[in-house]
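Before these coordinates go into any calculation, please read the remarks below alongside the model.

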Amino acid sequence: MELNGAQIVIQSLKDEGVEYIFGYPGGAVLHLYDAIFQQDDVKHILVRHEQGATHAADGYARSTGKPGVVLVTSGPGATNAVTGIATAYMDSIPMVVISGQVPSAVIGSDAFQEVDMVGITRPCVKHNFLVKDVTKIAETIKKAFYVATSGRPGPVVIDIPKDITAPDVKVSYSYPKKVEMRSYHPATTGNKGQIKKAIELLLTAQRPVIYSGGGVVLGEGSQELIELAHLLGFPVTQTLMGLGAFPSTDKQFIGMLGMHGTYEANMTMHESDLILAIGARFDDRVTGKLDLFCPYAKIIHVDIDPASISKTVKVGVPIVGEVKLVIRQLIDGLKEAKYKIDKKAAESWWQQVNQWRSIQCLEFDRNSRAIKPQFVIEQMYEVTHGDAFVTSDVGQHQMWAAQYYPFDKPRRWINSGGLGTMGFGLPAAIGVKLAHPDADVACVTGDASIQMCIQELSTALQYKTPIKIINLNNNYLGMVRQWQEFSYESRYSHSYMETIPDFVKLAEAYGHVGIRIDKPEDVRPALEKAFAMKDRTVFLDILTDRTENVYPMIETGKSHHDMKLRVAIGTTTDRELS
Amino acid sequence: MRHVIAILIENEAGALSRVAGLFSARGYNIESLTVAPTEDASLSRMTLVTRGSEDVVEQIIKQLNKLIDVVKLIDLEETVHIERELMLVKIKTVDKMRDELRSVVDIFRGKIIDVTPTSYVIEMTGTSDKLDAFIATVDKNSIIEVVRSGATGISRGEKGLHL
Ligand SMILES: Cc1cc2nc3c(=O)[nH]c(=O)nc-3n(C[C@H](O)[C@H](O)[C@H](O)COP(=O)(O)OP(=O)(O)OC[C@H]3O[C@@H](n4cnc5c(N)ncnc54)[C@H](O)[C@@H]3O)c2cc1C
Ligand SMILES: Cc1ncc(C[n+]2csc(CCOP(=O)(O)OP(=O)(O)O)c2C)c(N)n1
Ligand SMILES: [Mg+2]
């Protein structure tokens, strides 16, 4: 088959099985857009800002496990995509971003809309390519998808100069079935000797805990994790990125750990004598102060990326491999060793864990006259039967969604953890909805975050992706305000916006339904109404308790056993009427 | 501790900047870095000298290995190895010290490769320490210019870093 460069790009994407391209046109990609116009197999979603394209592709990827695909033009189109690329990079999300580049002959001459995209993205991609020859396009795209989706996933950028996609240069096309890269061999099974060492520790632990993370979601290891956890009988805690891989409603689940994790999860970590870490990277939000981290524990760490192991916390038994395969090896090893739960040890450990649980660190004032954000999330959980895809932005609302919506399945909780990108939630929800047209998709957001990619409301209308936007409107950059309250004697420097738009009118202006709620008793009916409108995007602007804080909290420089808890339940301030 | 890391990397545009960028982004220090194509034109070989605690060097090696363009690498510190650096030094000479300088160059097994009535260019190879020692020996004020290649290294014996 003889095709020109632009056709080769689109045909390669089709042969790769790509359903959607999230993109935005411009000079350097006009040939590509012409090729898109001439086919119907790969659908193009026109966003309203390139950042939105990357987050939408990211939401698509997180909710399906398939790579998200983005197409942007050179210069400003490319730089607008960088935040979304970095967001995907930090959370190891598979994504392929194609950026147009100025023609090869003028690269380096400060040509119109020229930016060194390969250089700019180098520190926030898994890999990137500059295509210099039309005959190399197909192979490069194949490599890009392979690198993005294998091993520890991540975004890959392919920068394509305009002349490479020119309509008049045709070459023969075939899409490679496989690629071999001599310099890239992702790990698979774990080292047998290390597995053996791990089994020995698992057999003798007295106060064990499983600490699992996003790697279990990324590596599709959920079933194996559940099986292993049930076999061992250990308490299970998960990171923000891991939520859902182990069912939150399972009685072995003790909640999220870390800065806004539960008291029981953090205490269990602190007092444990053995941590089985699976697909988690000992992030600073999780560990707290490093020299006080889990002083009594031996650590087994399963991760596909050797660089994640012993990066911040030294571990005793490193196991490099795919979660799915390594957990299977562990299960087999335990069965072979005739593992039986040490009833006595388990009983006393669980008694301790349950005692920590009994303080009910997530309790909040249920009699408040103001709408409590936690209450909204609980209600949303009930209305959606715990089965929605929930995307979020970044801030307090994100933590409340994580804490009060118990996810039972992986890929349901879609948020930016590593980069913490405000503006992520709405476009991500559009990507999720495209991938799961029949599912409930909610975007839990805040009055500040939603304004960072609000323009995508227009995309949601054009492509008929009915999502529910749950705006926990506290009229504050709430997370910032909370830190200022705790650490800066309530000097609320620029964490308050004196003018915020009328979100109801804004939603209506974009062609959607807007509903404002300011009384607790209206929350449930409004949620029911919103989720019942299957074919409309509904913006629920919920005026919540303005000064509510996220608890519990490990403050900077503190450790797991030193948490700030909600002081006295029932004494938080009501919403100031403004 | 000082570590000499030998790296085989795809000989592609941008490969060098991936390595250099990794070091600056993660705050690792590079004492020297040399790079040139190998007998296989598709590969370059780098020798990178860095300093850091064992934990840091462990991370450096893992992060380097993670770069998609890096094909193979070895921490030469873990093997018996040989290191060589090339140095060219231009020295201002006055008659009465030319003989003396020549004998110092001989002791260090260097070569004088350019001579003018008022200057020598000296070529010298050796370990970085030896080159330091030579520089320390000559009168500072007479040095016009020093250029050093940075260390390159290879392991002893039959084993080698290759595909
Ligand atoms: C406002 C805010 C507050 C936050 N508070 C918290 C908090 O309280 N608690 C918390 O946990 N986080 C919190 N975070 C998130 C935090 O910043 C990190 O993003 C998160 O802790 C990292 O999760 P993780 O360790 O599961 O790693 P991820 O970033 O999900 O990384 C996955 C790990 O798994 C590995 N991996 C990937 N694929 C595989 C595979 N197939 N097999 C094996 N391994 C694999 C990767 O190499 C990597 O090491 C917060 C973020 C924000 C924005
Ligand atoms: C792009 C970006 N800029 C700044 C921040 C820092 N930041 C984190 S949370 C937050 C406030 C978010 O406010 P809002 O969306 O209203 O959520 P709330 O905390 O009030 O629930 C800010 C500014 C960020 N995470 N991302
Ligand atoms: Mg807010």
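The points below take up the metal site and then the cavities.

1. This is a predicted model, in which local features need pLDDT of at least 70 and side-chain atom pairs count only at pLDDT 80 or more, whereas totals for chains, interfaces and linings use all residues. Residues are numbered from 1 along each chain as its sequence is written, chains are lettered from A and ligands numbered from 1 in the order in which they are written, and side-chain values use heavy atoms, with hydrogens and water left out.

2. The magnesium ion (ligand 3) is held at 2.1 to 2.2 Å by Asp447(A) through OD, Asn474(A) through OD1 and Tyr476(A) through O; donors are N, O and S atoms within 2.8 Å of the metal (3.2 Å for Na, K and Ca), and sites may look incomplete because water is not among the atoms. The spacing of these donor residues in sequence is D-x26-N-x1-Y.

3. Asp447(A) sits in the loop between β17 (441-446) and α17 (456-462) of chain A, and Tyr476(A) in the loop between β18 (468-473) and α18 (478-487) of chain A, so the pair ties together parts that are 29 residues apart in sequence. Helices (H or I, at least four residues) and strands (E, at least two) are DSSP runs, numbered from the N terminus. Asp447(A) is buried at a relative accessible area of 1%, and Tyr476(A) also counts as buried, at 10%, where buried means under 20% relative accessible area (1.4 Å probe, protein chains only).

4. Lys433(A), Asp440(A) and Phe531(A) are among the residues lining the second largest cavity, whose volume is about 40 Å³. A cavity is a set of points, on a 1 Å grid over the protein atoms alone, where a 1.4 Å probe fits but cannot get out, and lining residues have an atom within 4 Å of a point; a volume is the space filled by probe spheres set on the points, which are joined across faces, edges and corners.

Notes. Buried < 20%, exposed > 50% of the residue type's maximum accessible area, 1.4 Å probe, protein only. 1 Å grid on protein atoms, 1.4 Å probe; cavity = no way out; pocket = protein on both sides within 12 Å on 5 of 7 lines; lining within 4 Å.
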